[in-house]
Protein chains: 4
Amino acid sequence: MLKVGLLGAGRIAGVHATAISSHPGSQLVAVSDFIPENADKLARQYGCEARSTDDIIADESINAVLVATSTDTHSDLIESATAAGKAVLCEKPVDLSLERAQTCLELASQTGKPVMVGFNRRFDPNFSALKMALDAGEIGKSELLSITSFDPAPPPISYIKVSGGLFRDMMIHDFDMANYLMGAAPESVSAFGSSIVEPEIGEAGDIDTAVVTLTYSDGRIAVIKNSRRAVYGYDQRVELLGSKGLLQAQNMLENTVVKSTTMGVTSAKPTYFFLERYMPSYANEWAAFVEAISSGGPVPVTLEDGVQALAMAEAAVQSLAQGHPVKLCKVLV
Amino acid sequence: MLKVGLLGAGRIAGVHATAISSHPGSQLVAVSDFIPENADKLARQYGCEARSTDDIIADESINAVLVATSTDTHSDLIESATAAGKAVLCEKPVDLSLERAQTCLELASQTGKPVMVGFNRRFDPNFSALKMALDAGEIGKSELLSITSFDPAPPPISYIKVSGGLFRDMMIHDFDMANYLMGAAPESVSAFGSSIVEPEIGEAGDIDTAVVTLTYSDGRIAVIKNSRRAVYGYDQRVELLGSKGLLQAQNMLENTVVKSTTMGVTSAKPTYFFLERYMPSYANEWAAFVEAISSGGPVPVTLEDGVQALAMAEAAVQSLAQGHPVKLCKVLV
Amino acid sequence: MLKVGLLGAGRIAGVHATAISSHPGSQLVAVSDFIPENADKLARQYGCEARSTDDIIADESINAVLVATSTDTHSDLIESATAAGKAVLCEKPVDLSLERAQTCLELASQTGKPVMVGFNRRFDPNFSALKMALDAGEIGKSELLSITSFDPAPPPISYIKVSGGLFRDMMIHDFDMANYLMGAAPESVSAFGSSIVEPEIGEAGDIDTAVVTLTYSDGRIAVIKNSRRAVYGYDQRVELLGSKGLLQAQNMLENTVVKSTTMGVTSAKPTYFFLERYMPSYANEWAAFVEAISSGGPVPVTLEDGVQALAMAEAAVQSLAQGHPVKLCKVLV
Amino acid sequence: MLKVGLLGAGRIAGVHATAISSHPGSQLVAVSDFIPENADKLARQYGCEARSTDDIIADESINAVLVATSTDTHSDLIESATAAGKAVLCEKPVDLSLERAQTCLELASQTGKPVMVGFNRRFDPNFSALKMALDAGEIGKSELLSITSFDPAPPPISYIKVSGGLFRDMMIHDFDMANYLMGAAPESVSAFGSSIVEPEIGEAGDIDTAVVTLTYSDGRIAVIKNSRRAVYGYDQRVELLGSKGLLQAQNMLENTVVKSTTMGVTSAKPTYFFLERYMPSYANEWAAFVEAISSGGPVPVTLEDGVQALAMAEAAVQSLAQGHPVKLCKVLV
């Protein structure tokens with residue numbers, strides 16, 4: 001039975017608390033938060049203790065921590081928790097600074113403790129079914145990947161300003177998805193973007209619409225499309241052309257009702273946002289973490305994976321600024 | 001080269017004229033109509049002669065006639081054309097009177113000339129693909145058939161009054177589809193119906209909404225649903241459950257555009273009515289007729305098929321009136 | 001906070017235990033089972049007590065019981081629990097005997113305690129979205145209802161023998177769905193059926209393939225199709241034609257992956273069986289029960305509803321045996 | 001009545017001959033071909049004369065010519081036909097040389113005769129329905145366009161060598177589609193490509209897989225994906241994200257049959273190649289040409305449009321060679 005401390009008690013921490021509690025192989029023993037009242041509240045709901053982060057990390061009876069705090073604390077907490085001998089599952093991104101993330105990777109690696117990064121979409125039933133079909137050779141060799149990833153509505157400008165920008169905050173999921181499906185890092189990253197959805201986002205120095213093309217040393221190509229606004233809901237699709245066919249993971253809809261009238265044939269919209277769409281993926285992610293820790297096997301998404309995705313975001317930032325492709329090796333010192 | 005006379009110059013005759021003209025193995029040589037002006041007009045458009053029906057039937061250089069006149073003339077024309085040594089493709093239904101149709105079958109059979117009945121839906125690319133998959137064993141043995149067949153809007157009451165009623169006019173297509181797919185005649189016919197769409201249809205002694213259940217001697221069951229009104233377009237679907245799976249032929253849509261907005265995900269409507277939906281089936285039907293006549297093989301839809309479907313309509317009429325199932329053998333004397 | 005006793009500790013009881021535990025307004029306090037070990041096991045997992053059924057019913061601190069025992073005990077337990085002042089949520093069917101169910105309804109009604117019958121499909125997100133669209137007038141007045149309900153594989157013959165037969169065991173869900181969507185009881189029931197899937201089912205006196213047509217006093221018609229075997233999974237669809245359009249609730253698929261190869265375009269199968277398909281409906285059903293009990297409002301599925309569906313099953317049994325339609329009023333004395 | 005000369009008698013000329021013949025406002029009077037036997041054969045089939053190209057152009061009774069000859073003759077024929085006072089519909093591309101095409105545009109413009117370029121996809125019922133919805137404001141302002149355009153199988157290497165390369169031969173259709181839907185020329189063109197499908201294509205100096213990103217001065221972005229091989233058929237899709245929704249034009253399938261078995265739910269493949277998919281678009285294109293010439297209105301696809309698409313192909317060629325984005329204004333001198 002894995003005894004787990006949860007660092008952070010915000011919205012996504014609640015999702016993780018449910019996954020930890022309902023898994024037969026793990027037990028939520030403590031939770032901490034920057035705002036103690038939040039920790040208290042979550043502790044009451046899930047029947048565990050509210051403690052300080054330091055306390056949890058120092059507690060030798062706790063085997064693993066789940067880091068669901070704000071991004072700027074991730075690297076520090078990964079380092080201290082692994083130094084204290086704990087397995088770690090940390091929410092993405094590892095850090096907004098590639099350099100800092102690389103240091104964290106180095107230090108955490110020295111402890112030998114497993115660190116998994118929370119790219120939960122790898123555990124979405126649709127994307128993982130696509131990956132399984134790919135690995136089973138059902139479309140032969142992969143050639144051309146497309147990822148569509150649109151949010152339903154832009155976040156507040158206040159969030160945009162501290163987010164690290166679209167590439168580090170939003171597209172980082174898609175960079176990891178590309179790595180997951182292509183099974184290799186790209187050679188070059190070419191970014192195109194603009195703030196066409198909301199001018200204020202542009203004024204804040206960010207973009208809201210972006211296309212990034214990744215090229216691979218073996219000639220494969222990937223394209224990622226992001227928009228901060230798809231009014232019809234959270235649009236999360238992947239398609240991969242291979243030598244023997246095409247695989248697509250389509251959107252999940254709110255329900256299966258179809259209405260035919262003089263206006264046309266209407267289905268439900270895609271599930272609204274990540275909590276609706278990816279709820280099953282959080283449970284699957286936690287199960288994969290517990291399985292890896294329990295069996296002593298490798299975690300399915302490593303800290304290296306987290307650094308890799310961050311490096312791609314960094315390359316995209318540079319490509320957009322410079323107006324030409326950027327080699328990934330140039331940003332990974 | 002099959003030399004063809006077209007009897008009738010109405011709307012459906014125009015569709016047939018195009019099929020005859022554009023087929024490399026047939027030539028439209030003459031057309032007749034009750035209203036000579038209609039025949040003249042069609043003759044000009046397709047570069048053939050407008051003549052009288054008697055003339056066409058008497059013309060020994062004409063090999064085949066296509067009967068697209070009003071229903072009450074079908075039996076007479078089949079008899080006279082076959083007696084004159086011509087192959088015949090006759091629009092459905094053979095007759096509104098089962099007894100008259102049976103006499104026609106007897107007389108036409110004695111001539112030994114091929115008579116094909118225009119159940120064009122057998123030649124619809126979707127239904128024929130379903131039939132091919134069934135015959136290839138893709139769903140094992142058939143067990144339960146459902147036919148959905150809704151018109152977009154009811155015809156005028158004046159038409160209803162001379163139509164022979166929903167079972168003989170509209171569902172007769174579905175009776176033939178059931179025979180085509182089940183490969184056997186049913187044992188019993190049970191009809192349920194009402195005039196819920198338009199009370200005037202009820203006042204005219206007909207129904208506009210109907211469900212007919214067919215049972216087969218080997219335990220199979222078929223259900224046919226008809227409505228005179230589906231405001232979203234012509235709804236023409238078939239589904240067949242078998243021991244190893246399900247086959248469905250779905251509607252054809254006007255186009256493939258899908259629009260996603262805050263109101264939902266909207267596709268185009270089904271193609272509006274039979275001319276839009278079944279246009280390809282008329283060309284395929286004609287090609288099958290030409291192929292059968294040219295090769296001397298059997299026609300793919302026989303006059304017996306036409307009588308069989310009419311007998312099922314007759315049984316449905318009796319079942320609805322009597323409120324219980326009617327054995328098909330009871331109406332076929 | 002509703003204090004709940006769970007009667008029965010089998011597979012479906014486990015589903016209910018999860019719903020009760022995770023609902024913020026209810027607490028699972030005790031569980032009983034015919035086999036005490038089963039109750040013990042479930043009690044340990046959900047942190048409640050294993051007690052005897054009598055004990056639970058006698059415990060005044062328990063406000064509600066959920067009856068998930070074998071069908072032959074339902075009526076007795078509804079009577080004793082309501083007599084003891086408890087609200088009841090009872091799994092379907094109320095009983096296999098219509099007469100016994102009617103007595104139960106009479107006795108339970110005298111206590112004035114709310115009894116809800118577990119027709120969970122009313123709470124399926126797809127069917128309830130269809131119902132909401134219907135009630136909102138989106139397709140005008142309903143005219144023609146079709147329910148397709150196929151199990152993935154037949155149950156063991158041993159189960160068939162005690163099940164009460166297809167109409168009481170399987171189609172009873174669809175009878176209730178018809179009542180839910182049509183908002184009225186039918187006038188007549190006409191049943192057609194055979195044992196074409198598995199001859200042994202026929203030898204056991206039951207059928208495995210059935211079509212039932214329901215007619216309504218206002219001219220509406222409903223058709224229910226059942227098969228004990230759809231090898232591609234649990235096929236659960238509803239479609240309703242109205243004066244202004246068509247509503248369909250389609251199957252839920254295992255995932256959204258689509259594969260295009262030289263063999264065609266392939267999607268995932270429907271979710272396998274009722275536990276996969278209807279898992280959300282059990283939670284929604286429980287939430288509706290808690291809401292009704294807490295607010296003192298009427299339960300959304302009454303004991304009368306349970307008796308009504310059973311009466312339709314009884315009528316179907318008689319119709320199949322007699323070979324003609326049976327008026328519903330004839331079986332409801 | 002438009003009297004039409006058809007230049008070229010190859011496969012696509014046959015498609016045009018059907019469109020010209022069956023249109024009530026045009027008459028096919030003569031056909032020419034480099035190989036006289038081909039012209040003879042087509043002339044016999046469509047009941048017109050086989051003549052020399054010079055003869056046709058010199059014939060004052062001929063109002064319009066349709067140029068369906070090899071690409072290297074297009075510019076010369078447009079110039080001579082317009083100089084002879086004829087309206088011209090010319091197959092795409094105008095030329096493989098942008099400079100030559102620009103000269104042709106200049107000369108043809110001086111004659112004042114209408115020249116339409118055969119970008120038939122603008123007349124596909126699906127893409128034109130998408131365009132109509134866009135123009136009607138159904139998704140607000142356009143922001144992000146994606147075009148997927150995959151051929152079923154690569155052409156022979158011999159064809160590749162004379163084709164002008166993927167951008168001028170294949171993607172030129174998509175460049176025009178982008179111009180059609182975005183209503184503006186892009187500012188920059190960024191091309192990525194490789195010969196991953198067939199190494200021989202790379203050896204011939206071409207690519208078989210490509211992604212091109214177009215940026216627009218107002219911040220909009222378009223992405224075009226091409227592959228010479230999609231084994232499941234001709235994959236021709238467009239999707240456009242706007243401020244109020246998403247429009248997608250999906251593939252047309254061979255038929256509407258869906259098969260559900262233990263292997264999944266399988267639909268038909270997309271129609272195989274351009275003749276199957278775009279057959280209706282050729283008829284619509286011709287009708288639009290006849291309408292423009294008859295009414296004296298502007299042709300819906302101008303020679304400028306043809307030069308614009310060619311300039312984009314030229315920019316893509318340069319971008320791929322240079323490894324960075326190319327401004328469209330740099331290639332248009």
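## Strand β4 of chain B and its neighbours

Leu6(B) stands opposite Leu66(B), a residue of β4(B). The model is predicted. The pairing belongs to a parallel arrangement: four bridges join strand β1 (residues 2–7) of chain B to β4(B). Strand β5 (residues 87–91) of chain B also pairs with β4(B), again parallel and through four bridges. Here Ala64(B) faces Ala87(B) of β5(B). Between β4(B) and β5(B), the chain passes through helix α4 (residues 74–83) of chain B. This β-α-β crossover is right-handed.

In a regular strand, side chains alternate between the two faces of the sheet. Which residues of β4 (residues 64–67) of chain B lie on each side? Ala64(B) and Leu66(B) are on one side, and Val65(B) and Val67(B) are on the other.

## Helix α12 of chain B

Helix α12 of chain B covers residues 303–322. Is α12(B) enclosed or open, and how many of its residues are buried? Of its 20 residues, 16 are buried, so the helix is largely enclosed by the rest of the structure. A residue counts as buried when 20 or more other C-beta atoms lie within 10 Å of its own.

The length of α12(B) can be checked. At 1.5 Å a residue, its 20 residues should span 28 Å. The end C-alpha atoms are 29 Å apart, which agrees. Gly323(B) follows just after the helix, with a positive phi of about 80°. Most residues other than glycine have a negative phi.

## Where chains C and D meet

The contact between chains D and C involves 11 residues of chain D and 11 residues of chain C. On the chain D side, β13 (257–261) and β14 (264–267) each supply at least two residues. β14(D) gives the most, with four residues. By type, the chain D side divides into four nonpolar residues, six polar and one charged.

Strand β14 (residues 264–267) of chain C runs antiparallel to β14(D), and three bridges join them. In one of the pairings, Val265(C) has Ser267(D) as its bridge partner.

## Symmetry between copies

What rotation superposes chain D on chain C? A rotation of 180° does so, with 0.0 Å of shift along its axis and an RMSD of 0.0 Å. The two copies are therefore related as by a two-fold rotation axis. In chain D, the C-alpha of Thr266(D) is nearest the axis, at 2.1 Å. The interface fits this picture: 100% of the interface residues of chain D are also interface residues in chain C, so the copies meet through the same surface.

## Cis peptide bonds

Most peptide bonds are trans. In chain A, the bond from Lys92(A) to Pro93(A) is cis, with omega near -10°. Pro93(A) sits in the loop between β5 (87–91) and α5 (98–111) of chain A.

Chain D has a cis bond too. It joins Lys92(D) and Pro93(D), with omega about -10°. The loop between β5 (87–91) and α5 (98–111) of chain D holds Pro93(D).

Terms used. Residues are numbered from 1 along each chain as its sequence is written. Chains are lettered from A and ligands numbered from 1 in the order in which they are written. This is a predicted model: local features need pLDDT of at least 70, side-chain atom pairs count only at pLDDT 80 or more; totals for chains, interfaces and linings use all residues. Two residues are in contact if their C-beta atoms, placed from the backbone, lie within 7 Å. Ala, Val, Leu, Ile, Met, Phe, Trp, Tyr, Cys and Pro count as nonpolar, Asp, Glu, Lys and Arg as charged, and the others, Gly among them, as polar. Two strands pair if DSSP finds at least two bridges between them. Copies are superposed by least squares on the C-alpha atoms of residues with pLDDT of at least 70 in both. A residue is buried if 20 or more other C-beta atoms lie within 10 Å of its own, exposed if 12 or fewer, and partly exposed in between; C-beta atoms are placed from the backbone. A crossover is right-handed if, with the strands pointing away from the viewer, the path from the first strand over the helix to the second runs clockwise. The expected span of a helix is 1.5 Å times one less than its number of residues.
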